[in-house]
Amino acid sequence: MNSKSIYTRLYALASGILLTFFYQTASAQQSIKPLSLNEAISLSIQNSKQLRVSQARVAEATASLKTANERQLPDVSVSGSYLRLTQPNIDLKLKTGSDNGGSSGGSSPKVNSAAYGMANVSIPIFAGGIIQSGKESARYLEQAAKLDVDKDKEEIIQNTIAAYSNLYKAKAAVTLVEENIKTSDQRVKEFSNKEQNGLLARNDLLKAELQQSNYQLALMDAQNNLKIANLNMNIMLGLPDNTLLQVDSTIFKVDNNVDGRGEAEFEQLAYQNRKDAQALGAREKAANAGVKGAKGEYFPSLAVTGGYIAAYIPNVVTITNAVTGGVGLKYNLSSLWKTGSKVAGAKAQLAEVQANQAKLIDGIHMDVYQSYENYLLSHKKMDTYIKAIEQSEENYRITKNKHDNNLATTTDLLDADVANLQSHLNYAYAKADALVAYNKLLQAAGILESNNK
């Protein structure tokens, strides 16, 4: 017996046993949590950091709308002042006496302080449509921000479904490889007995042991992928890193009922329900309002004004109950040559939004078409993989029977075993991919969130 091959086999077996032991020990220390898909979606929405950013933008847009609405409210200002004066030199030219000689006779009053107070109210009546356009624009931008939140929710739901499916695929891979390792261990034991009794060539035993080592390596990779998928899901859901998640495998099933709606119907649903399209529509309306607001600077502004004035200068004058009221008209002549650039800028923003709308229409068409074809392809693959499992199992059964009767080589048997494992893995992956593909189609049509409520 080659000592190098013995050490290689022992190293592979010991590594697999130790890795399995440590994995099971770590799993025992983890908290196990059964997790349904609906619960995963709910938790991911609650803990999404992207959604918090979008909600903060909604709050910002709501504040901007409130600011725009407040521009039509009256402007009220109150001012007052108290002044101390030095002894000024006052030479009054007014005559204070009544004598024919024209002598001034009197003395000027001593003024060393003054105080006054003013209150003004201005209510805008017309401002060229600037205020109303600002309110309209802010309202549509708030609507667009809320639609962005809905769009982000659909992306979160789709990402959660994809992550949930990846976790299922990783777990299925571990389970299937572990089952094949049991079969491989039994085969190596059987071949070892035959080799010792001279019924099997040494080379055939080495082939079986090599496959056993390869399965151990495949198990290590599968367990590593499972850990990563589990951690990724915990991060998305806001759960502790050591939480061991158990997915509901019953939702990954063969569904022969293909959605009867065609690609054209899904595309029509997309134009009606896609939140990104609706958000761009709201932004187009906001841009139109922005153009109107910019043009409003060409016009004068009109406001109703009122006020109250009180003043007191010792030894000179006392003013009370001085109420003012009237209409104020203001026109900035510089707007004749400064407003044109503002209007051009607003029109450019409108043109940009309209170009993005045209771009989005093409994107929706491609997104729906690709998602629909992938959905149909996923069902075709499942049908093919079901047949592949039947063929691989039958092929393995026949090959094993031939091998037992010395009519097939060990290589043929091991190849049949690998093909059987691969067909089962492909089928498990196809079930998960079919679920993801269907929900991706619903997302492309803008109806994913309503379908997962």
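Tutor: A term to start with: buried means under 20% relative accessible area. Keep in mind that this is a predicted model.

Student: OK. What share of the 453 residues is buried?
Tutor: Buried residues make up 35% of the protein.

Student: And how many helices and strands are there?
Tutor: The protein has 10 helices and 6 strands.

Student: What does the accessible surface come to?
Tutor: About 26,500 Å². Carbon and sulfur atoms hold 55% of that.

Student: Among contacts between residues at least 6 apart in sequence, what percentage join residues at least 24 apart?
Tutor: That figure is 84%.

Student: Let's switch to helix pairs. How do α7 and α8 cross?
Tutor: Helix α7 covers residues 275-295 and helix α8 covers residues 335-404. Their axes come within 9 Å and cross at roughly 165 degrees. Angles over 145 degrees count as roughly antiparallel, so α7 is roughly antiparallel to α8.

Student: Left-handed or right-handed?
Tutor: The crossing of α7 and α8 is left-handed.

Student: Which kinds of residue make the contact of α7 with α8?
Tutor: The contact has 11 nonpolar, 8 polar and 6 charged residues.

Student: New topic: Ala170. Where is it?
Tutor: Ala170 lies in helix α4, residues 130-196.

Student: Why does Ala170 count as buried?
Tutor: Because its relative accessibility is 8%, and the cut-off is under 20%.

Student: What is Ala170 in contact with, leaving aside neighbours within four places in sequence?
Tutor: Ala222, Asn225, Leu226 and Ala229.

Student: And how far apart are Ala170 and Asn224?
Tutor: C-alpha to C-alpha, Ala170 and Asn224 are 8.9 Å apart in space. In sequence they are 54 residues apart.

Definitions and conventions:
Residues are numbered from 1 along each chain as its sequence is written. This is a predicted model: local features need pLDDT of at least 70, side-chain atom pairs count only at pLDDT 80 or more; totals for chains, interfaces and linings use all residues. Side-chain values use heavy atoms; hydrogens and water are left out. Axes are lines fitted to C-alpha atoms, for helices over the stretch in contact, and angles run from 0 to 180 degrees between N-to-C directions. Helices (H or I, at least four residues) and strands (E, at least two) are DSSP runs, numbered from the N terminus. Angles under 35 degrees count as roughly parallel, over 145 as roughly antiparallel, 65 to 115 as roughly perpendicular and the rest as oblique. A crossing is left-handed if the near helix is turned anticlockwise from the far one by less than a right angle, and right-handed if clockwise. Ala, Val, Leu, Ile, Met, Phe, Trp, Tyr, Cys and Pro count as nonpolar, Asp, Glu, Lys and Arg as charged, and the others, Gly among them, as polar. Buried means under 20% relative accessible area, exposed over 50%, partly exposed in between (1.4 Å probe, protein chains only). Contact means heavy atoms within 4.5 Å. Accessible areas come from the Shrake-Rupley method with a 1.4 Å probe; for residues, only the protein chains shown count as cover.
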